[in-house]
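Visitor: Could we go through the backbone of this model, and then its ligand site?
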Amino acid sequence: MHSDAGRGADEVVVVGGGVVGLACAWRIAQTGRRVLVLERDEPGAGASGVAAGMLAAVAEADFGEGALLRLRLEAADAWPAFAAELTARTGIELEYGRCGALVLAVDSDDVEELRRVQELRHGLGLGSEWLTGRDCRRLEPALAPRVRAGMLTRDDGQVDPRAVVRALREAIRREGGELRAGVAVEGIDETGNRVRGVRLAGGEVLPTRAVVVAAGAWSASLDVCDPPPVRPVKGQVLRLRGGVAGPLAQRIVWTPRCYVVSRPSGEVVVGATVEERGFDTTVTAGAVRQLLEDAREVLPDVEERELVEARAGLRPGTPGNAPVVGPGGSDGLFWATGHYRNGILLAPITADAIAALIHGAGPPPPFRDFAASRTRSEGASLAGSTA
Ligand SMILES: Cc1cc2nc3c(=O)[nH]c(=O)nc-3n(C[C@H](O)[C@H](O)[C@H](O)COP(=O)(O)OP(=O)(O)OC[C@H]3O[C@@H](n4cnc5c(N)ncnc54)[C@H](O)[C@@H]3O)c2cc1C
């Protein structure tokens with residue numbers, strides 16, 4: 001059954017109303033195309049509404065990342081202009097700021113690990129400073145006396161992902177785009193190697209020539225030719241508020257066991273577990289207890305705050321932990337998924353890349369290593385390794 005037969009050929013359908021799908025829709029709408037976002041729940045119902053909102057390109061850098069690290073650095077550079085434009089267009093404050101991150105060591109194992117990480121950062125030419133425990137407490141007076149050392153990365157930042165979702169919804173509306181919540185997509189209709197439409201749960205087909213799949217951890221569940229191997233990676237996170245006046249810390253505080261993000265509004269986010277449990281979003285007592293203990297180890301004042309929320313979200317993981325951004329197997333199909341732990345950070349440059357691709361440009365340089373075609377061989381080698 002086909003509907004909306006009058007839909008223009010220039011219309012683009014975006015599947016998924018997380019930060020990635022909404023950012024893509026906004027940028028596509030700005031190019032003058034009609035855009036429709038289909039979200040089966042509410043916008044932000046997936047990982048984007050759970051995320052802490054760290055924009056931590058440097059603090060998260062790890063061994064052997066190469067192209068992914070370059071992508072994250074470029075993404076961090078895109079955030080100031082993205083945030084300024086989004087707020088200017090909508091009037092919605094995002095609590096964006098380059099607050100910096102303090103990666104802490106509490107015991108001698110942590111100190112050894114932090115030195116190794118510091119060497120890696122320097123080897124990659126990334127700016128970070130080594131601090132003694134006393135230096136750390138001078139910067140962040142709420143830190144516990146047991147903090148032995150720290151590494152300060154000044155360029156890392158944060159944003160409130162829920163505010164970003166609200167602002168993007170408004171920005172899409174102002175640009176003439178449409179968002180339909182509570183509409184689940186079942187699959188993409190493709191004939192002759194070309195996208196023909198989007199099939200909704202219930203069988204209705206919306207004809208379209210261009211589809212962006214931004215369905216996060218559920219992207220590979222759609223009925224579509226050759227989906228990338230995206231899987232859910234569970235993360236449990238806590239939100240606290242109130243108690244001691246003002247933010248708990250000015251910077252993101254990070255230990256090998258947890259991170260704490262303090263927003264100017266007084267919200268404190270403590271995260272996060274990393275669990276391979278399929279599509280399970282249960283919050284467990286054990287994870288809540290562990291996260292609170294790990295945060296209390298470095299910031300004892302967390303105990304004074306009100307625990308307002310404990311939630312689990314599903315990160316869209318891939319075999320190489322790198323996103324899948326680019327054309328799919330059929331003409332008119334585009335993937336914007338697999339952003340794993342960095343979807344908030346990567347959303348602005350993903351959106352620019354997808355808007356450019358839909359406009360007919362080639363893959364933008366930072367995404368050349370992250371096309372959907374690469375995941376076919378990754379998926380194959382993954383299947384081989386478990387056989
Ligand atoms: C605990 C936790 C902490 C995190 N912290 C950070 C952080 O600090 N910084 C950072 O950069 N990233 C962080 N992330 C990662 C980040 O949240 C994700 O990478 C990002 O939100 C992915 O965005 P998305 O739009 O692709 O997916 P999602 O936000 O999951 O959105 C996908 C949407 O698609 C919808 N959908 C799915 N299937 C269908 C369908 N068939 N039809 C219609 N709609 C559908 C879902 O309902 C959902 O709303 C964190 C993630 C977790 C879980």
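Visitor: Where is A272 found?
Guide: A272 is in the loop between strand 16 (268-271) and helix 6 (285-298); helices (H or I, at least four residues) and strands (E, at least two) are DSSP runs, numbered from the N terminus. This is a predicted model, in which local features need pLDDT of at least 70, side-chain atom pairs count only at pLDDT 80 or more, and totals for chains, interfaces and linings use all residues. Residues are numbered from 1 along each chain as its sequence is written.

Visitor: What joins G271 and A272?
Guide: A cis peptide bond, with omega about -20°. Most peptide bonds are trans, and most residues other than glycine have a negative phi.

Visitor: What about Y340: buried or exposed?
Guide: Y340 counts as buried because it has 22 C-beta neighbours inside 10 Å. The cut-offs are 20 or more other C-beta atoms within 10 Å of its own for buried, 12 or fewer for exposed, and partly exposed in between, with C-beta atoms placed from the backbone. Y340 is not a glycine, yet its phi is positive, at about 45°.

Visitor: And where does Y340 lie?
Guide: In the loop between strand 19 (333-337) and helix 7.

Visitor: Now the ligand. How many residues surround it?
Guide: The ligand is surrounded by 43 residues, and the closest include G18 and G343; a residue is near a molecule if its C-beta atom, placed from the backbone, lies within 6 Å of it.

Visitor: Why does it lie between domain 1 and domain 2?
Guide: Domain 1 (12-50 + 162-230 + 320-386) and domain 2 (101-154 + 232-317) both give residues to the shell, so the ligand lies between them. The domain bounds come from an automatic or database domain assignment.
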